[in-house]
Amino acid sequence: MTDFPNCPQCDGEFTYADGPLFVCPSCAHEWSPSDEAAAAEEDATRDANGNLLENGDAVIVVKDLKFNGGVVKGGTKVKNIRIVDGDHDIDCKIDGIGAMSLKSEFVKKA
Ligand SMILES: [Zn+2]
C-alpha cells in the first residue's frame, strides 16, 4: 500500500518520493508529479481557449472551415457534440450541412 503512483515506465509499484521527484527503484526512472498532470491534461479534449469539452456540449466554430463541398462559417453554433479519438476529435451534426468532424482547436465552448 503506497500513496505514490506506479512507475509510468515499467509500472513498478515500489516508487518513492525524492524531493519533488518520484523515483522507481526497479528501472531507475525519475519523474515529476507535474509531468503526470500534464500527460492527463493532454488526454482531455479542449477548445481554442483551453476549456474542457465534453459529450453533449454546444460549441461555436471560431473560423471558416473548408471541407469537401462547402464551408462551415466562423460563428456557426454546433449543438450536442461528441468527443472522439483522432485528428478530428469532435463528431457533430451541423444544421444545413449534416454530419461533420471538427477539430477541437477550431471551436470554443458556447
Ligand atoms: Zn520503473
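Two strands are taken to pair if DSSP finds at least two bridges between them. In this predicted model, β9 and β10 meet that criterion: the two strands run antiparallel and are joined by five bridges. Within this pairing, D91 has S101 of β10 as its bridge partner. Three residues lie between the strands of the β9 and β10 hairpin, where G96 takes a positive phi near 85 degrees.

Strand β9 also pairs with β8, which covers residues 82-83. That pairing is antiparallel and spans two bridges. Here R82 stands opposite D91 of β9. The hairpin of β8 and β9 has six residues between its strands. In that hairpin G86 adopts a positive phi near 130 degrees.

The side chains of β9 alternate along the strand. I90, C92 and I94 point to one face and are buried.

In soluble globular proteins, nonpolar side chains tend to be buried together. The largest nonpolar core of the model comprises 13 residues. V78, I81, I90, C92 and L102 have the most contacts inside this core. Two or more core residues come from each of β4 (59-61), β9 (90-94) and β10 (98-102). The most come from β9, which gives three residues. Apart from neighbours within four places in sequence, C92 is in contact with V78, I81, G98, A99, M100 and L102.

A separate description applies to the sheet that contains β4. Three strands form this open sheet, in the order β7-β4-β11, with antiparallel pairing. Its edge strands, β7 (77-78) and β11 (107-109), each pair on one side only. Two bridges link β4 and β7 in the antiparallel sense. In this pair of strands, V59 has V78 of β7 as its bridge partner.

The loop between α1 (33-43) and β4 holds D47.

D47 is buried but forms no salt bridge. K109 carries the nearest side chain of opposite charge, 7.1 Å away. A salt bridge would require the charged atoms to lie within 4 Å. The D47 side chain instead reaches backbone nitrogens. One belongs to G50, at 2.9 Å. Another belongs to N51, at 2.8 Å. Not counting residues up to four places away in sequence, D47 touches L53, S104, V107, K108 and K109.

D57 is classed as buried because its relative accessible area is 14%, and buried means under 20%. A polar atom of the D57 side chain lies 2.8 Å from the backbone nitrogen of E54. With neighbours within four places in sequence left aside, D57 is in contact with L52, V78, K79, N80, I81 and K109. Among these contacts, V78 and I81 are also residues with the most contacts inside the largest nonpolar core.

A48 is partly exposed, because its relative accessible area is 42%. That value falls between the limits of 20% for buried and 50% for exposed. A48 and K108 are 60 residues apart along the chain, and their C-alpha atoms are separated by 5.5 Å. Beyond neighbours within four places in sequence, A48 is in contact with S104, E105 and V107. S104 and V107 are also touched by D47.

Notes. Residues are numbered from 1 along each chain as its sequence is written. This is a predicted model: local features need pLDDT of at least 70, side-chain atom pairs count only at pLDDT 80 or more; totals for chains, interfaces and linings use all residues. Side-chain values use heavy atoms; hydrogens and water are left out. A nonpolar core is a set of buried Ala, Val, Leu, Ile, Met, Phe, Trp, Tyr and Cys residues joined through side-chain atoms within 4.5 Å. Buried means under 20% relative accessible area, exposed over 50%, partly exposed in between (1.4 Å probe, protein chains only). Helices (H or I, at least four residues) and strands (E, at least two) are DSSP runs, numbered from the N terminus. Contact means heavy atoms within 4.5 Å. Lys and Arg count as positive and Asp and Glu as negative; His and the chain ends are not counted. A polar contact is a pair of N or O atoms within 3.5 Å; within protein, one must be able to donate a hydrogen and the other to accept it, and residues adjacent in sequence count only if both atoms are side-chain atoms.
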